[in-house]
Amino acid sequence: MAWCRFLTFHDRRVLAGMVALCAVIGTGAGEGVSWAQACCASAGLIAPTRLRSYEDFAVGMAARGRSVFGAFDANGGYAGERDGDSEWNLEQDLFGVARLFERSQVAVLIPFLQTRRTLNGVAASGGGVGDVAVSARYDFIGLGEHRLVPGLAILAAAVLPTGTPPEGASDPWAAGATGQGSWQGTVGAAVEQAWEPYFVTVNGLVTWRSTRTVAAVKETFAPRLTAVLAVGRVLPRLSTVGLYASFMNQGTNSADGAALPRSGASSFTGGLAATLSPNDRWRLQGTLFTEVPVASWGKNETAGLGLSVSLLRVWP
Amino acid sequence: MLALLLGQGCGDAAAPYATGFDPAAPPTEAPLGTVTSSGTASWTVSVWTAPAPPRKGVIQVLLRVNDAGGAPVDGLQVHVIPWMPAHGHGGSRVAPVTPQGDGWYLVAPVYLYMSGVWELRTSFEGFSEDGVVPVLDVP
């Protein structure tokens, strides 16, 4: 789900966790400090590859780490990792975002992924270039254009199968897998509203994944639905803090036209996010996220705790 | 291909075949499951795993193939592909299949590196319609 790195920062396997409510949103500013408006600073709280309204171009790099602590089965049952087993996912991204015309922006992200799995006392590591993603956004109504009308945007993304699928990895635990082996397209909509200094963003996304044929079996994937809610507050000097929740659900896949029972997947991710802007040329963005490790809050997905940090050079 | 859900639940230290199957002693326990292929051969394929029930990591799978009359079927070229249907991918290693005689086929090692539902897409060369798909719940 590389598009999520653009649009939701949802975990690739994947990727749900306890939404850690944090009072930091209510933190006030010190005296004599200039405040930005939510309409200007709210963009990019959870997705670093998004320009703010006054920005035209940005390049950046991101680092992300995640430790898996459990998994959901096909019925929603949750079990923690066995003693001695572990999985670490690391990722570094290079990305660029450019504004095209006034209301649209396009981003390209190149991920580099590493995984380390230890099972039965045997460790395996691997990694490489992942699935390159391209995303676009068009703001029909910008946040703050109208006092009562929320901002409205359409979103689109494509993921190219440039990574190594699990079948192509050389280690027994497929730690060298960096891609899903198929194309992926996403469309969605985003609605934003601000009540200074607070803001709310809701994203709804539908993702389709192209078929895969492996060992003469044609695999067809059900559409994946994702909803993301982010609530934040603007702080001095264009910085922001907030929390977000993301829910993903995918229906039953099929093989050679026959439904694959118990192949659906879902997850619920919660996280904290913040941006820090020392000036209008640099921005630091970070998230702390987890999948909710509660039975029935996920299916056929792993659960873990992760941290991401992004650094952007911005040209207003 | 016919799919059949086999073992569920968590493995435990006392599970049979915790260290693998003994080639000299076929299992006496009941199989995790049995499925009959839908092709013209109508084979009955019984499945055991070591450990049983299966769990994340490396496991062994033992297949017993019988014909419609119950006689063991030898001489088959069996191919097994571990597959995660929820994620649409397989494993990184081919699961080697070694005939054991008297209708027994040992599939080992099988690397199940993630929790979740794993299919063992099993086909028999020359009998394209007689494949079976045992399904394993791996906690």
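Residues are numbered from 1 along each chain as its sequence is written, while chains are lettered from A and ligands numbered from 1 in the order in which they are written. Because the model is predicted, local features need pLDDT of at least 70 and side-chain atom pairs count only at pLDDT 80 or more, whereas totals for chains, interfaces and linings use all residues.

**View 1. Chain B as a set of strands.** Chain B has zero helices and ten strands, where helices (H or I, at least four residues) and strands (E, at least two) are DSSP runs numbered from the N terminus. Of the 139 residues in chain B, 51% are buried, a residue being buried if 20 or more other C-beta atoms lie within 10 Å of its own, exposed if 12 or fewer, and partly exposed in between, with C-beta atoms placed from the backbone. Among contacts in chain B between residues at least 6 apart in sequence, 63% join residues at least 24 apart; two residues are in contact if their C-beta atoms, placed from the backbone, lie within 7 Å.

**View 2. The five-stranded sheet of chain B.** This open sheet has the order β2-β3-β4-β8-β7 with antiparallel pairing, two strands being paired if DSSP finds at least two bridges between them. Its edge strands, each pairing on one side only, are β2 (33–36) and β7 (97–101) of chain B. From one strand to the next the twist averages 25 degrees, where axes are lines fitted to C-alpha atoms (for helices over the stretch in contact) and angles run from 0 to 180 degrees between N-to-C directions. Within the sheet, β4(B) and β8(B) (residues 104–112) run antiparallel and are joined by seven bridges, and Leu63(B) stands opposite Tyr105(B) in β8(B).

**View 3. The largest nonpolar core.** A nonpolar core is a set of buried Ala, Val, Leu, Ile, Met, Phe, Trp, Tyr and Cys residues joined through C-beta atoms within 7 Å, and the largest one has 46 residues, with Val61(B), Leu63(B) and Trp118(B) making the most contacts inside it. At least two residues of this core come from each of β3 (44–50), β4, β5 (78–84), β8, β9 and β10 (127–138) of chain B, and β8(B) gives the most, with six residues. Not counting residues up to four places away in sequence, Trp118(B) touches Pro82(B), Trp83(B), Met84(B), Leu112(B), Leu136(B) and Val138(B).

**View 4. The side of chain B that touches chain A.** Here 22 residues of chain B are in contact with 33 residues of chain A. The elements giving two or more residues to this side of chain B are β4 (57–66), β6 (89–90) and β9 (116–124), and the largest share, three residues, comes from β9(B). The residues on this side of chain B divide into ten nonpolar, eight polar and four charged, where Ala, Val, Leu, Ile, Met, Phe, Trp, Tyr, Cys and Pro count as nonpolar, Asp, Glu, Lys and Arg as charged, and the others, Gly among them, as polar.

**View 5. Strands β9, β12 and β13 of chain A.** Strand β9(A) (residues 198–209) runs antiparallel to β12(A) (residues 224–234), and ten bridges join them; Val202(A) stands opposite Leu229(A) in β12(A). Eleven bridges join β12(A) to the antiparallel strand β13(A) (residues 240–250), with Arg224(A) opposite Gln250(A) in β13(A). The hairpin of β12(A) and β13(A) has five residues between the strands, and in this hairpin Arg237(A) takes a positive phi near 60 degrees.
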